[in-house]
Amino acid sequence: DHRTSGALLLAFTSEIAGTLHGRLRSDESTKLYVALVRGDLRQKFKSAAAGTEDGGNIDLSVSGKGNVIGSCVNIPNVVDGVTDSRDSVASHHLDASEYKSKITVNLPIKVDGIEKEAQTDFYFLSSMDVDDEAEDSDGPYVTKSISLLICQPKTGRTHQIRRHAIRALQSPIIGDSEHGDSRVNRFWREKIGFNRLGLHCFYLHLPSSTDYDDDIKCIAPLTDDFKGSLECNQLATLWEEAVMRLPSLALEPYDDRGGTFGRNYRRDKYEKSSL
């Protein structure tokens with residue numbers, strides 16, 4: 001998905017590519033995405049917390065078929081020892097039930113006309129309503145509330161997170177022109193300046209497959225355009241709650257390659273510094 005930012009794995013030979021692909025499909029691999037979605041999902045995750053840690057689940061599906069399951073589970077911890085000054089602010093809110101719940105979506109996705117099993121786990125980070133004092137010319141169909149989620153796909157189907165978000169949670173990802181609503185995307189683009197797909201691959205972990213392989217762990221801090229929009233005044237409440245929930249979100253991008261980073265790097269760097 002070329003519109004999704006974040007962590008990438010590149011192989012320089014077909015043999016290594018096959019090995020990495022197999023490790024990525026392993027049940028022990030971990031892929032975590034940050035998603036900005038339409039609507040306030042706090043109450044839905046509170047309902048999911050009615051499931052118990054000993055394996056008791058609650059059916060949240062509209063049809064009652066058990067394809068949307070809520071359970072009481074903590075969010076995966078990917079970065080140890082990362083702290084932030086905002087952790088101490090209103091720390092008692094971390095005991096709220098929505099922070100200790102998971103929604104698992106098991107809905108098949110068509111790939112080349114064939115339905116294939118697909119599973120995604122969703123975890124709650126934060127949510128808020130956006131105050132818009134301007135005249136409400138966008139119409140009642142524009143939901144001016146948003147949520148920030150951690151998504152963990154267990155399978156790798158095309159647009160899996162985007163499809164599960166809208167089908168199971170009724171919350172399309174902001175900026176999704178294919179599965180979302182253009183009127184909603186226009187609102188966030190014009191009012192907030194969020195002009196991209198709200199999906200970012202934050203963390204990858206590929207366990208070793210043989211005694212000769214090392215674990216691959218990769219964390220990709222949020223990009224400037226994604227993080228910058230979340231840090232703006234109108235979304236400050238959303239961002240601060242999310243960082244309080246998962247401090248590693250505040251990690252700054254870094255680069256240890258050295259060099260010029262390509263022929264346009266110096267020009268882009270100069271243009272940004274002159275703004």
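Both lysine 102 and aspartate 121 are buried (under 20% relative accessible area with a 1.4 Å probe, protein chains only; exposed is over 50%, partly exposed in between). The model is predicted: local features need pLDDT of at least 70, side-chain atom pairs count only at pLDDT 80 or more, and totals for chains, interfaces and linings use all residues. Residues are numbered from 1 along each chain as its sequence is written, and side-chain values use heavy atoms, without hydrogens and water.

**Salt bridges of aspartate 121**
- Lysine 102 forms a salt bridge with aspartate 121, with the closest N and O atoms 3.7 Å apart (a side-chain nitrogen of Lys or Arg within 4 Å of a carboxyl oxygen of Asp or Glu).
- This pair links strand S5 (residues 102-106) to strand S8, 19 residues apart (strands are DSSP runs of E, at least two residues, and helices runs of H or I, at least four, numbered from the N terminus).
- Aspartate 121 also meets lysine 154 in a salt bridge (4.0 Å, N to O).
- Lysine 154 lies in the loop between S9 and helix H3 (160-168), so its pairing with aspartate 121 ties together parts 33 residues apart in sequence.
- Lysine 154 is partly exposed, at 38% relative accessibility.

**Aspartate 176 and arginine 162**
- The side chains of aspartate 176 and arginine 162 meet in a salt bridge (2.8 Å, N to O).
- Aspartate 176 is buried at 0% relative accessible area, and arginine 162 is buried at 3%.

**Helix H6**
- In helix H6 (residues 236-245), 7 of the 10 residues are buried, so the helix is largely enclosed by the rest of the structure.
- Buried residues of H6 include Trp239 and Glu241.
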